[in-house]
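Welcome! Have a look at the structure, then read on.

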Amino acid sequence: MEIKKTIQETRECVKAWREKGLSVGLVPTMGYLHEGHGSLVTKAKQENDRVVVSIFVNPMQFGPNEDLASYPRDIEKDRAFCEKLGADLIFHPEPEEMYTSGFCSYVDMSVLTEELCGLSRPVHFRGVCTVVSKLFHIVQPDRAYFGQKDAQQLAIIKRMVLDLNMDLEVVGCPIVREEDGLAKSSRNTYLNTEERKAALVLSRAVRLGEKMVSDGEKDASVLLAAMKAEIEKEPLARIDYVKAVDGLTMQPKDMVEASMLVAMAVYIGKTRLIDNFICE
Ligand code: AMP
């Protein structure tokens, strides 16, 4: 497995595979990889002849007061992790490679990006859509893999691919959790021991919500109030949002129904964590 830092080298490698008639899967990440990313790579391996993992902490998707500088990075550990899972290539560009001087083209979506995380992170999805479409152009994969952990991102990428006629399949993969329920995230490393315990309030609220839905709760406001009350029991937690939305359009829903997304963002100390579930 090789690490390529330039767009040209990555393109040459993919072109050689294509000439042999091989299919290509892409797993876009920001690195500091864990089993959540690993599940995407494994699925991509099962469904494609070759797998590219991109590792790029994309400056464009961070707001001015967010954690771009402190975002954890460990390319050597990531290399070993990808190698073990059988990835074929890591694309690991510097920001200057992705955003050359004078860069001024963006993929800007409305509607889906204006809810949930889009409210507290106004530039985030413009950065995500722009970098992901660049990655799609560079690698030209048959399939690209995204986690349900970032449910809004997954819905947005699916919509972008549909709207802009991008010729690939977007594959969603289930949330991978720690044994105690916390959704795996590179940002979990920010948590101290006390905060790590407090962070379990997110998965507790998810389980409570899932149980209420399976017990037949139909009123989304009752569901959300109970989940919020559960989170508010934790003194270190501060709710950004807990919302019920349509799983495709991200528009708020009053009544519980199949494929509805119940999503939350909660600060534990200074760390903003997200979690969600989809109603069966
Ligand atoms: P990130 O490196 O955080 O940008 O994540 C890269 C990809 O991995 C995104 O599609 C995420 O949704 C996915 N991912 C991150 N954490 C998890 C997890 N715990 N379970 C499943 N997918 C995940």
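**The largest cavity**

Lys149, Leu182, Ala183, Ser185, Asn188, Leu202, Leu273, Ile274 and Asp275 line the largest cavity. Please keep in mind that this is a predicted model.

*Space inside*

- Rolling a probe the size of a water molecule over the atoms shows where empty space is left.
- With a cut-off of 30 Å³ or more, the count is one cavity.
- The volume of the largest cavity is about 50 Å³.

*What surrounds the space*

- Strand β9, which covers residues 271-278, gives the most to the lining of the largest cavity, with three residues.
- Sorted by class, the lining of the largest cavity has five nonpolar residues, along with two polar and two charged ones.

- Cys82 is in no disulfide, and the nearest cysteine sulfur to that of Cys82 belongs to Cys13, 14 Å away.
- Is Cys82 buried or exposed? Cys82 counts as buried because its relative accessibility is 0%.
- For Cys129, the closest cysteine sulfur is in Cys117, and the two sulfurs are 13 Å apart, so they are too far for a bond. A disulfide needs the sulfur atoms to be within 2.5 Å.
- Cys129 also has 0% relative accessibility, and therefore counts as buried.

Technical notes. Residues are numbered from 1 along each chain as its sequence is written. This is a predicted model: local features need pLDDT of at least 70, side-chain atom pairs count only at pLDDT 80 or more; totals for chains, interfaces and linings use all residues. Side-chain values use heavy atoms; hydrogens and water are left out. On a 1 Å grid over the protein atoms alone, a cavity is a set of points where a 1.4 Å probe fits but cannot get out, and a pocket is an open set with protein on both sides within 12 Å along at least five of seven lines; lining residues have an atom within 4 Å of a point. Grid points are joined across faces, edges and corners, and a volume is the space filled by probe spheres set on the points. Helices (H or I, at least four residues) and strands (E, at least two) are DSSP runs, numbered from the N terminus. Ala, Val, Leu, Ile, Met, Phe, Trp, Tyr, Cys and Pro count as nonpolar, Asp, Glu, Lys and Arg as charged, and the others, Gly among them, as polar. Buried means under 20% relative accessible area, exposed over 50%, partly exposed in between (1.4 Å probe, protein chains only).
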